[in-house]
Structure formats: structure tokens, C-alpha cells
Amino acid sequence: MVAHTAESEPALQAGIPSQRGAALSIHEISHCFELEGRPLPVLEGISLRLEPGEFVAILGPSGCGKSTLLRLVAGLDFPTIGRLSMDGRAIDGPDASRIIVFQDATLYPWRTVWSNVALGLEARGLLRSHRERVDDALRLVGLAGFPTVYPRQLSGGMAQRAALARALVNDPKLLILDEPLGQLDSLTRIIMQEELVRLWQRAGFTALLVTHDVEEAIFLATRVIVLSDRPARIRAEVVNARPYPRHRGDPHLAELRREIMGHLGLAETW
Ligand SMILES: Nc1ncnc2c1ncn2[C@@H]1O[C@H](COP(=O)(O)OP(=O)(O)OP(=O)(O)O)[C@@H](O)[C@H]1O
């Protein structure tokens, strides 16, 4: 494993205003599926700790096990070996303090934006007493003017904003992001990356993001984890101590990109 620091400063520094997020501990995780009667080892010996308020991005070859790792963190599945905990408590199922946002916004088409965002509170019997949290979440993602609109009337970027609001209404301590911007056009994606930084800074959650986009990982994250081919192991860990707001033309970020490309086996392309 290679550790790199962009500057001689600690990873958690300027631009990370809140430490309200959770600490996540992934301890010696291995995971094996069964596919057509044969074992399929997907993750092997993954250990990782996220400090409160960190933004960690995971990159790795297609099919190496990134989404599987996120599902384990979300408590949607359990590792074959190893353990995970958040703030010292074992992860033993889904929890409102740990929310996953997927590539597809998966909004209910028959519900308005407001009532899609309200879902988490409704499910926990908290909607009546906390209605204002739905409005706050919509405001936070820039959808305050669209509460009565239906999902079919939204653009891709707006739908993904609504999906983020639906997660944020629960005030998560850990936001798990599985390629949340993967289906957006490149311009909307850039705008949404900036929005994500703003949301992270304001809401103060810890973030764990899977992306295929090296630029996105570098622009957003305080630390980038590079996984190997399946079964995925941690191949490298690259700390990105550049302060926020970040500038895409920053030569330090270009240097980090080169380094990460090398870890992904694409060094000669750059
Ligand atoms: N429920 C399952 N049962 C059997 N095999 C599975 C299951 N879920 C995932 N897999 C297999 O595990 C491997 C890793 O899948 P995963 O979706 O975690 O990879 P990924 O790195 O997120 O992929 P991509 O980058 O293409 O999205 C794949 O070979 C996939 O076929």
C-alpha cells in the first residue's frame, strides 16, 4: 500500500468545517459470493478507517467489488469475514444515520418531489413533527421551488438532487455514494460535484464515494483509495490535502491524477 500526501499537512484540514460526521471502521473484510455453484471471492482483507468529516473516494477496475463494499457499509449485506463498525457500534443492518445514494435516483413516480424526500421521516413516524426538515433538505439541494413536481417532470440533475435531499432529510452521519453522478451529462456532473462539496461542508457528514471518474475523486475527496482487480485489495491510498474550494486546473491535482493513474495501471496514458 502506498501512502502519499500532497502537502506536508495532515489530511483533515482547511475547508472541512464540520466534524459532525461518523467514524467508520472496516476491519479485515473479505467477501465471497456464490455464482453458478462456484465461490466468487470479491473482497480480500480490506481494512479502512474514515475519520469524522472525511470525504473518501474509492476507485478501482470495473467489477472489482466497489459496490459490494458500499453495500456492506450500508448494512445491506454482511461480510463473509471481518467486521464493520460506525462510531464503535457494529454495523448489523441499514440505519437512518448511514444512507446510500445510488446512480439511479429511484424516485417513486407517483409521489411528488416533496413526498419522495419525506419518505425516510414518514417511515420512522417522524414526519408530523419534523416537516420542516423536508423543506430544509429541498432548500439545501436547490429544489425549494419544486415541491409539487413529479419525478417525470425533472431533469436528470434535478432527480439526483431530489435523491440527495431524500438522504439528507435523515441528517445522516455517513453518506454512502455509489456513482451518484454517473448518469449525468458532463456539464451537469461538474455542477453537481461542486454542489456535493457544498452539501458536505454544510451538512458535515462523513462521505464514502465510489466513482469511475478519477477527476471527480480528486476534486471531491480528502483521500482516494485505489482497489485492485477482483478480489479487491487496497492497492494504494492517496491523501489529497488541497484545501477547498478546489480548482480543476491546480497543478497539484494534476500531479495526484498522474499518481492515481499509475496505481490504476494507466500511467503511460498520461
Ligand atoms: N448478489 C451477488 N451474487 C453473486 N455475485 C455478485 C453479487 N453481487 C455482485 N456480484 C459479483 O461481484 C463482483 C463485484 O461486483 P460489484 O458490483 O461490487 O463490482 P463494482 O466494482 O462495483 O463494479 P462496477 O465498477 O462495474 O460497477 C462482480 O463480479 C459481480 O458479478
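The points below describe a predicted model of a protein with a ligand.

1. Residues are numbered from 1 along each chain as its sequence is written. As the model is predicted, local features need pLDDT of at least 70 and side-chain atom pairs count only at pLDDT 80 or more, while totals for chains, interfaces and linings use all residues.

2. The protein has eight helices and 11 strands; these are DSSP runs numbered from the N terminus, helices being H or I of at least four residues and strands E of at least two. The radius of gyration is 18 Å, close to the 18 Å of the globule rule for 270 residues, so the protein is as compact as a globular protein of that length. This radius is taken over C-alpha atoms, and the rule is 2.2 Å times the number of residues to the power 0.38.

3. Of the 270 residues, 40% are buried, that is, 20 or more other C-beta atoms, placed from the backbone, lie within 10 Å of the residue's own.

4. Helix 1 spans residues 66-74 and is mostly covered, with seven of its nine residues buried. Those buried residues are K66, T68, L69, L70, L72, V73 and A74. Just after helix 1, G75 takes a positive phi of about 80°.

Note on methods: Buried ≥ 20, exposed ≤ 12 C-beta atoms within 10 Å, placed from the backbone. Near = placed C-beta within 6 Å.
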